[in-house]
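Let's walk through this model together, one question at a time. Have a look at the fold first.

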Amino acid sequence: MRILNYMELKIPSKSQNEAFARVAVAAFVAQLDPTLDEVTEIKTAVSEAVTNSIIHAYEDKIGEIIIKGKIYENFVVEIEVIDFGKGIEDVELARQPLFTTKPDEERSGMGFTVMETFMDKVEVTSEVGRGTCVRMFKAIKKRKSEGVEIEQSFPGGIDK
């Protein structure tokens with residue numbers, strides 16, 4: 001699949017950068033003329049992934065978060081959120097709804113569930129002590145002029 005455009009953003013894991021990250025990704029995706037719902041879904045998923053890095057990967061210290069975006073020729077957007085924090089011991093357990101390692105801090109444990117709900121595909125790779133990479137894919141509906149929408153599909157099907 002040919003990449004039409006890409007971007008990379010590097011931010012410190014400060015909570016005030018979460019909003020900046022989602023707006024930057026929304027601006028990048030805007031070139032595909034997505035619907036408001038599509039933009040909102042992508043922004044929400046990015047927000048959850050970045051918040052996970054801020055809260056869980058680095059906890060009480062500031063680390064680095066890298067956000068990469070790619071637009072493929074079939075109107076599929078790929079967003080990666082990468083941190084170099086403490087990593088996740090059990091990714092499958094962490095992806096379970098309501099699972100949280102911080103129940104005393106009013107964390108809902110819904111971050112991955114939200115990402116999976118709003119994106120077409122979410123992949124998580126993590127290594128304890130080295131960090132985590134969340135790759136998210138979303139197919140944007142291609143629109144002709146006059147508002148006609150054409151369904152786009154994720155290459156190879158979508159396994160959520």
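A crossing is left-handed if the near helix is turned anticlockwise from the far one by less than a right angle, and right-handed if clockwise. Helices (H or I, at least four residues) and strands (E, at least two) are DSSP runs, numbered from the N terminus. The model is predicted, so local features need pLDDT of at least 70 and side-chain atom pairs count only at pLDDT 80 or more, while totals for chains, interfaces and linings use all residues. Residues are numbered from 1 along each chain as its sequence is written, and side-chain values use heavy atoms, with hydrogens and water left out.

Q: In which hand does H2 pass H4?
A: Helix H2 covers residues 36-57 and helix H4 residues 111-118, and their axes lie 9 Å apart at an angle of about 155°. Axes are lines fitted to C-alpha atoms, for helices over the stretch in contact, and angles run from 0 to 180 degrees between N-to-C directions. H2 is therefore roughly antiparallel to H4 (the term covers angles over 145 degrees). The crossing of H2 past H4 is left-handed.

Q: How many residues of the contact of H2 with H4 are nonpolar?
A: Contact means heavy atoms within 4.5 Å. H2 contributes Glu41, Thr44, Ala45, Glu48, Ala49 and Asn52, and H4 contributes Gly111, Phe112, Val114, Met115 and Phe118. Ala, Val, Leu, Ile, Met, Phe, Trp, Tyr, Cys and Pro count as nonpolar, Asp, Glu, Lys and Arg as charged, and the others, Gly among them, as polar. On that basis there are 2 charged, 3 polar and 6 nonpolar residues.

Q: What is the hand of the crossing of H1 and H2?
A: H1 and H2 pack with axes 9 Å apart, at an angle of about 145°. Among the residues that meet are Val25 and Val29 in H1, and Val46 and Val50 in H2. The crossing of this pair is right-handed.

Q: Is Phe75 buried or exposed?
A: Phe75 sits in the loop between strand E2 (64-72) and strand E3 (76-83), with a positive phi near 65° although the residue is not glycine. Buried means under 20% relative accessible area, exposed over 50%, and partly exposed in between (1.4 Å probe, protein chains only). At 19% relative accessibility, Phe75 counts as buried.

Conventions. Parallel < 35°, antiparallel > 145°, perpendicular 65-115°, else oblique.
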